[in-house]
Amino acid sequence: MIQQVHSHPDIYRIRVNLPDNPLQYLNAYVIKGVSGNLVIDTGFNRPECKRALCQGLQELDIRLQSDTSLFITHLHADHSGLVGLFAQAGCPIYMHPVDYQYLVDSEDGSTWKAAEDNFMREGMPTAEIKTQFSNQARTFSPDPHFPVNPVHDGDCLHLAGCDLQVIHTPGHTPGLCCLYLPKEEVFFTSDHILFDITPNIQVWYHMKQALQRYLESLQKVRELPVRLALPGHREGDTSIAGRIDEIVAHHDRRLAEICHLAGLYPHSTAYDIAPHMTWSMRGKQWKDFPPTQKWFALGETLAHIEYLVDHGVLCCREEQGCRHYDLVRTET
Ligand SMILES: [Zn+2]
Ligand SMILES: [Zn+2]
C-alpha cells in the first residue's frame with residue numbers, strides 16, 4: 001500500500017506489514033526524483049515484506065538499479081532485512097559504519113551469544129533465553145555481505161534531487177541516523193522518535209549508557225524546524241518537540257518506578273524487577289508475555305538500571321555470576 005506524504009519533492013510511504021509483530025508495519029519511504037530515487041529502510045528479510053516492498057516500488061514505477069539508492073537508518077532487521085535485494089541490483093547503499101559492523105559481527109552469532117550471557121547474569125533463566133532463538137530479529141535478519149557507503153553525523157547527501165542532512169542519533173541503536181530535508185523541513189525520524197509507541201531502549205555491549213545517549217540525542221534534534229516528521233513505524237506528525245518531551249517524561253517515570261521497586265525488593269536482579277514494571281501489553285501479565293517481549297522488556301529495564309547505577313542511585317553486587325541491585329544509601 002503506497003501513500004504520497006509530500007509533494008516537491010515527491011515522497012511516498014510504502015506500508016510494509018510485519019506479520020505477528022506488535023509493531024504491525026514498517027514505513028519504507030521513497031523519494032522519487034527525476035534523475036534518481038531514494039528508498040529509506042526495507043522491512044524484514046521474509047517473503048511477506050519482500051512482496052509488499054516490491055509491489056510498492058512497482059506501483060511507483062521504480063526499478064532497482066544504480067539510480068535508486070537505499071539508506072538504512074539502523075541495523076534492526078525490520079529496517080535492514082531486505083538490503084540484499086538492493087545490493088544484488090547494484091544500488092548504492094548508505095548506512096552508519098557502527099551499525100553496519102554490528103550486522104557483520106552478528107553473522108556468526110557472537111553478538112547474540114554476548115547478549116544471552118549478559119541476560120543470564122541479569123537473572124534471566126536459561127530456559128527463557130532458549131525461547132529467544134526464534135526471535136524475528138534473528139530469523140529475518142539481512143545477509144550482511146553488501147558494499148556500504150558509510151555516513152556520519154553532519155554529512156550532506158545529494159540523492160533523488162534532494163539535499164539530505166544525516167543526523168546521527170545514537171540510543172535506540174548505536175548507529176541510528178535520521179535524515180533531514182532542511183529546505184522543506186521534512187524529518188525522517190526512523191525509530192528515534194515514534195509517535196504512537198515509545199522507541200525501545202536496550203543495553204548494548206559496545207555502547208555504554210544507551211539511555212543517557214538516547215536522551216541526549218532527543219535534545220540534539222528538539223529545536224530542529226520540522227513541518228513533517230516521518231517515523232519508521234505508525235503515523236507521523238507535524239512537529240516533534242512535544243513528542244520528545246512526552247518521551248523524556250516516560251523515561252523519567254520508568255527511572256522513578258525502578259527506584260521505587262529497588263526499595264521495595266532489595267537485592268533484586270533486573271529479571272526480578274522487570275515483571276513489576278508498567279508495560280503497555282494490554283491486559284497481559286508478565287507470565288503471558290511472548291518470549292520476545294520479555295527479552296525487550298528486560299533489555300529496557302536494564303538500560304534504565306544502567307543509567308541509575310551510573311548516576312549513583314543504584315549499586316550493583318555480583319554474586320555467583322548474577323548481578324543484584326540495591327538503592328545507594330545516603331548517610332544522614
Ligand atoms: Zn529499531
Ligand atoms: Zn523499527
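Biologist: Why is Asp191 called buried?

Modeller: In this predicted model, Asp191 has a relative accessible area of 3%. Buried means under 20%, exposed over 50% and partly exposed in between, with a 1.4 Å probe and protein chains only, so Asp191 counts as buried. As to conventions, residues are numbered from 1 along each chain as its sequence is written, while chains are lettered from A and ligands numbered from 1 in the order in which they are written. Because the model is predicted, local features need pLDDT of at least 70 and side-chain atom pairs count only at pLDDT 80 or more, whereas totals for chains, interfaces and linings use all residues; side-chain values use heavy atoms, with hydrogens and water left out.

Biologist: How do you know which residues coordinate the zinc ion (ligand 1)?

Modeller: Donors are N, O and S atoms within 2.8 Å of the metal (3.2 Å for Na, K and Ca); water is not among the atoms, so sites may look incomplete. His74 (NE2), His76 (ND1), His172 (NE2) and Asp191 (OD) coordinate this ion at 2.1 to 2.3 Å.

Biologist: Why is the site of the zinc ion (ligand 1) called irregular?

Modeller: The angles among its 4 donor atoms are 93 to 167°. Four donors count as tetrahedral if all angles lie between 85 and 135 degrees; four count as square planar and six as octahedral if opposite donors are over 155 degrees apart and all others between 65 and 115; anything else is irregular. The site is therefore classed as irregular.

Biologist: What do His76 and Asp191 tie together?

Modeller: His76 lies in the loop between β5 (68-71) and α2 (77-80), and Asp191 in the loop between β11 (186-190) and α8 (210-222), so the pair ties together parts that are 115 residues apart in sequence. Helices (H or I, at least four residues) and strands (E, at least two) are DSSP runs, numbered from the N terminus.

Biologist: What makes strand β10 largely enclosed by the rest of the structure?

Modeller: In β10 (residues 177-181), 5 of the 5 residues are buried, so the strand is largely enclosed. Cys177, Leu179 and Leu181 are buried on one side, and Cys178 and Tyr180 on the other.

Biologist: How do you know that β10 and β11 pair?

Modeller: Two strands pair if DSSP finds at least two bridges between them. Antiparallel strands β10 and β11 are joined by 3 bridges, so they pair.
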